[in-house]
2 protein chains.
Amino acid sequence: MELAAAKLKFIEAWGKLGSEWGINRTMAQVHALLLISPEALTTEEIMDALSISRGNANMTLRDLIGWGLIEKQHKAGERKEYFFADKDVWNIARQVAKERKKRELEPVLKVLNELSSVVGDEKDPEYKTFKKSVNDINKLAVNVDKTLETMLKAEENWFWGSILKVFK
Amino acid sequence: MELAAAKLKFIEAWGKLGSEWGINRTMAQVHALLLISPEALTTEEIMDALSISRGNANMTLRDLIGWGLIEKQHKAGERKEYFFADKDVWNIARQVAKERKKRELEPVLKVLNELSSVVGDEKDPEYKTFKKSVNDINKLAVNVDKTLETMLKAEENWFWGSILKVFK
DNA sequence: ATAAAGTTTCAATAATTTTTGAAAGTTTAA
DNA sequence: TTAAACTTTCAAAAATTATTGAAACTTTAT
């Protein structure tokens, strides 16, 4: 396969995976493009490469910055803004884990906690089933939260070393 | 909080989490409803509880069966079909992991593998950057895949025991 | 101050995804 | 058989989400 074709395939695959995981296709594609680009790119270059509008490019880039996945760069003597992706895949994974934990897991933990404290008649099957499911999900969510917390602090080699050794 | 209100809140929270993770809101809500229901429910009961149409209910239930999260039940002397959710949260987590691994991770691993084999000029920064990103993502994806594989075979206590002990 | 270069915003439009509801299909019992 | 009870399908409609593009805004250089 040609490099040019391979790049397109990578961008497409990343976009598809993103959309399956609740991340806007275009956002995932812009990220993919920057990931495989050795140089920082301008908004115009990104618009051209992916055939998207200026407005879309601008909003997507802003979101990616919000996720901590890319940053703006300025080149000496130039007005234009350049965008550059962190290429360290472990950083990326941690950054995504950090944001999703904050945006999604934590609010759910909060609700589960409130729901854990609902009191009722232990004889009532409706209550018992509700309580058991909520408590079990809560425990699982707390374990996931703890594991993510560890991941956020960990070095890649140590993390996978520990996990894969145990599971070997 | 009243049990009735708590149930609604749980269904709502589960639906929201689902939609953030690329799972249809209604599907997550039906799953939530069945999770906290001590008895199997009919299509009609589900339609009523969530105010959804018969068509929607039917398709959603079919999808949930496809994900291995619920099953049909028949009660003696009744024509109606009843639906019942597996309440074991560890089974649920494994089932979801299994399906998403198959549907999403494996296709991506396949593409990454193809892209890893693209050859080019080691002096070309475009090629070098592409290759490095693809290889790094590939390694991460393989580690995730191995960990999921272990999870699929594991008992809940052993799994979290091992992970949390290492990370303590 | 002005104009050029560049960035941001957002209402309108387009695309996608979800839902409806009624018709077609199936199963069971009499 | 027939018809009642129930399930499935799917084209059309609704809802949601993403994208465009042009105007407004900001910054910099002269």
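## Salt bridges and polar contacts between the chains

In this predicted model, four salt bridges are found across the interface of chain B and chain A. One salt bridge across it joins B:Lys9 to A:Glu114, and the closest N and O atoms of that pair are 2.8 Å apart. Polar contacts across the interface of chain B and chain A come to 10 residue pairs, in each of which both residues have a pLDDT of 80 or more.

On the side of chain B that touches chain A, two or more residues come from each of helix H1 (3-20), helix H5 (89-116), helix H6 (125-153) and helix H7 (156-167) of chain B. The greatest contribution to this side is that of H6(B), which supplies 15 residues. Sorted by class, the side of chain B that touches chain A holds 33 nonpolar residues, alongside eight polar and 13 charged ones.

## Extent of the chain interface

The contact between the two chains involves 54 residues of chain B and 54 residues of chain A. The size of an interface is often expressed as the accessible area that is lost when its parts come together. For chain B and chain A, the area buried between them is about 5,000 Å², and 76% of it lies on carbon and sulfur atoms.

## The two domains of chain A

Within chain A, residues 3-85 are assigned to domain 1, while residues 89-167 are assigned to domain 2. Eight residues from domain 1 of chain A and six residues from domain 2 of chain A take part in the contact between these domains. The centres of the two domains, taken over C-alpha atoms, are separated by 31 Å.

About 650 Å² is buried between domain 1 of chain A and domain 2 of chain A, with 66% of that area on carbon and sulfur atoms. On the domain 1 side, the residues that lose the most area to domain 2 of chain A are A:Trp21, A:Trp67 and A:Leu69, which together make up 66% of what that side buries. The count of salt bridges between domain 1 of chain A and domain 2 of chain A is zero, and one residue pair, with both members at pLDDT 80 or more, is in polar contact across this interface. The side of domain 1 of chain A that touches domain 2 of chain A consists of five nonpolar and three polar residues, with no charged residues.

## The surface near DNA strand C

Around DNA strand C there are 17 residues, of which A:Asn58, A:Arg62, A:Arg79, B:Thr26 and B:Ser53 come nearest. Of the atoms of DNA strand C that come within 4 Å of the protein, 65% belong to sugar and phosphate. By class, the surface near DNA strand C divides into two nonpolar, eight polar and seven charged residues. Helix H4 (54-66) of chain A and helix H4 (54-66) of chain B each provide at least two residues of this surface, and H4(A) gives the most, with five residues.

An N or O atom in the side chain of A:Arg62 is 2.7 Å from a phosphate oxygen of DNA strand C, and a polar side-chain atom of B:Thr26 lies 2.5 Å from a phosphate oxygen of DNA strand C.

Terms used. Residues are numbered from 1 along each chain as its sequence is written. Chains are lettered from A and ligands numbered from 1 in the order in which they are written. This is a predicted model: local features need pLDDT of at least 70, side-chain atom pairs count only at pLDDT 80 or more; totals for chains, interfaces and linings use all residues. Side-chain values use heavy atoms; hydrogens and water are left out. Domain bounds come from an automatic or database domain assignment. Contact means heavy atoms within 4.5 Å. Buried area is the accessible area (1.4 Å probe) that two parts lose on being put together, summed over both. A salt bridge is a side-chain nitrogen of Lys or Arg within 4 Å of a carboxyl oxygen of Asp or Glu. A polar contact is a pair of N or O atoms within 3.5 Å; within protein, one must be able to donate a hydrogen and the other to accept it, and residues adjacent in sequence count only if both atoms are side-chain atoms. Ala, Val, Leu, Ile, Met, Phe, Trp, Tyr, Cys and Pro count as nonpolar, Asp, Glu, Lys and Arg as charged, and the others, Gly among them, as polar. A residue is near a molecule or strand if one of its heavy atoms lies within 4 Å of it. Helices (H or I, at least four residues) and strands (E, at least two) are DSSP runs, numbered from the N terminus.
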